[in-house]
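Trainee: Could you show me how to read the features of a protein model, one after another?
Mentor: Gladly; please look at the sequence and the structure first, and then ask.

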Amino acid sequence: MAAGISESAFNDYTRVMGFSVDFQREIRTGDRFELLYETERDSIDGKVVSGKLHYAGLVLSDEQLGFFRYDGDKDTIGWYDENGNSAARTLIRTPISGARLSSSFGHRKHPVSGFNAMHKGVDFAAPRGTPIIAAGSGVIREAGWKGSFGRYIRIRHNSTYDTAYAHMSRIAPNIHPGSRVKQGEIIGYVGSTGKSTGAHLHYEVMVNNRQVNPMTVRLPTGERIDDQHLAAFQKTIAAIDQEVLSHGTIRFAGDVTIKNTQ
Ligand SMILES: [Zn+2]
């Protein structure tokens with residue numbers, strides 16, 4: 001925002017990158033970002049009415065990401081890397097924003113019981129009432145009180161992936177077993193119900209009903225762009241490259257040589 005990006009371009013950028021990047025934990029000093037967006041102004045008062053994002057790039061210390069908007073037809077509107085792989089993933093990396101990772105996956109001394117136990121999820125400390133979103137689209141399997149988990153929701157995303165959310169202060173009103181949720185939809189709010197020492201979200205990712213580390217699990221990508229759109233998509237990339245270069249900057253996210261030039 002300090003760079004003067006329009007709010008809608010900013011929101012698009014974080015949504016597209018949010019599938020791959022955990023902005024709370026993975027961003028480091030020295031990482032760089034770039035965007036190409038168009039600005040539409042009201043012809044009378046000059047106010048910005050929209051800021052459609054066309055390209056999103058990010059250079060992290062160990063990874064480079066670049067995604068291009070492609071508005072093909074109804075089925076192919078979306079964001080893809082330069083090889084045509086969709087930016088969207090089955091699950092968003094972090095189902096809560098503004099949170100601090102307070103306990104990671106693995107063996108630890110339980111904060112309440114004091115026993116050593118396997119922690120089968122990750123904990124995000126966040127103020128009570130912070131919205132929790134569905135990490136992916138799916139069907140609610142459980143929603144309600146579940147012993148030491150307190151208020152608890154489990155979502156089935158597909159035949160492989162489930163996610164679970166515990167210790168909520170409140171479950172969103174339309175969330176019931178059997179109801180459908182969309183990725184990013186608010187399902188509940190952070191609390192400290194059940195066996196808990198303070199407001200936090202306990203979050204689990206299950207692969208074939210077994211808990212895995214949500215921070216390191218390899219998340220499947222969405223679809224690849226349809227072959228019949230590939231040529232048009234490549235034209236889009238070329239046009240974006242040309243546009244970026246005409247403004248005297250370099251599209252670095254797709255350029256593997258950049259790491260050595262800093
Ligand atoms: Zn936990």
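Trainee: Is Arg69 buried or exposed?
Mentor: Buried means under 20% relative accessible area, exposed means over 50%, and partly exposed lies in between, with a 1.4 Å probe and protein chains only. Arg69 has 15% relative accessibility, so this residue counts as buried. Please keep in mind that this is a predicted model, in which local features need pLDDT of at least 70 and side-chain atom pairs count only at pLDDT 80 or more, whereas totals for chains, interfaces and linings use all residues. Residues are numbered from 1 along each chain as its sequence is written, and side-chain values use heavy atoms, with hydrogens and water left out.

Trainee: With which residues does Arg69 form a salt bridge?
Mentor: In general, side chains of opposite charge can pair when their charged atoms come close. A salt bridge is counted when a side-chain nitrogen of Lys or Arg is within 4 Å of a carboxyl oxygen of Asp or Glu. Arg69 forms one with Asp12, where the closest N and O atoms are 3.4 Å apart. This pair links distant parts of the chain, since Arg69 is in strand β5 (residues 64–70) and Asp12 in helix α1 (residues 7–17), 57 residues apart; here helices (H or I, at least four residues) and strands (E, at least two) are DSSP runs, numbered from the N terminus. Arg69 also forms a salt bridge with Asp71, the closest N and O atoms being 3.9 Å apart, and Asp71 is partly exposed, with a relative accessible area of 38%. Salt bridges that share partners join Asp12, Arg15, Lys52, Arg69 and Asp71 into one network.

Trainee: How many salt bridges does the structure hold?
Mentor: The structure holds 8 salt bridges, including one between Asp162 and Arg154, whose closest N and O atoms are 2.8 Å apart; both of these residues are buried.

Trainee: Which residues coordinate the zinc ion?
Mentor: Donors are N, O and S atoms within 2.8 Å of the metal (3.2 Å for Na, K and Ca), and sites may look incomplete because water is not among the atoms. The zinc ion is coordinated by His119 through NE2, Asp123 through OD and His202 through ND1, at 2.0 to 2.2 Å. His119 lies in strand β9 (residues 116–119) and His202 in strand β18 (residues 200–207), so the pair ties together parts that are 83 residues apart in sequence. His119 counts as buried, at 4% relative accessibility, and His202 is buried as well, with a relative accessible area of 6%.
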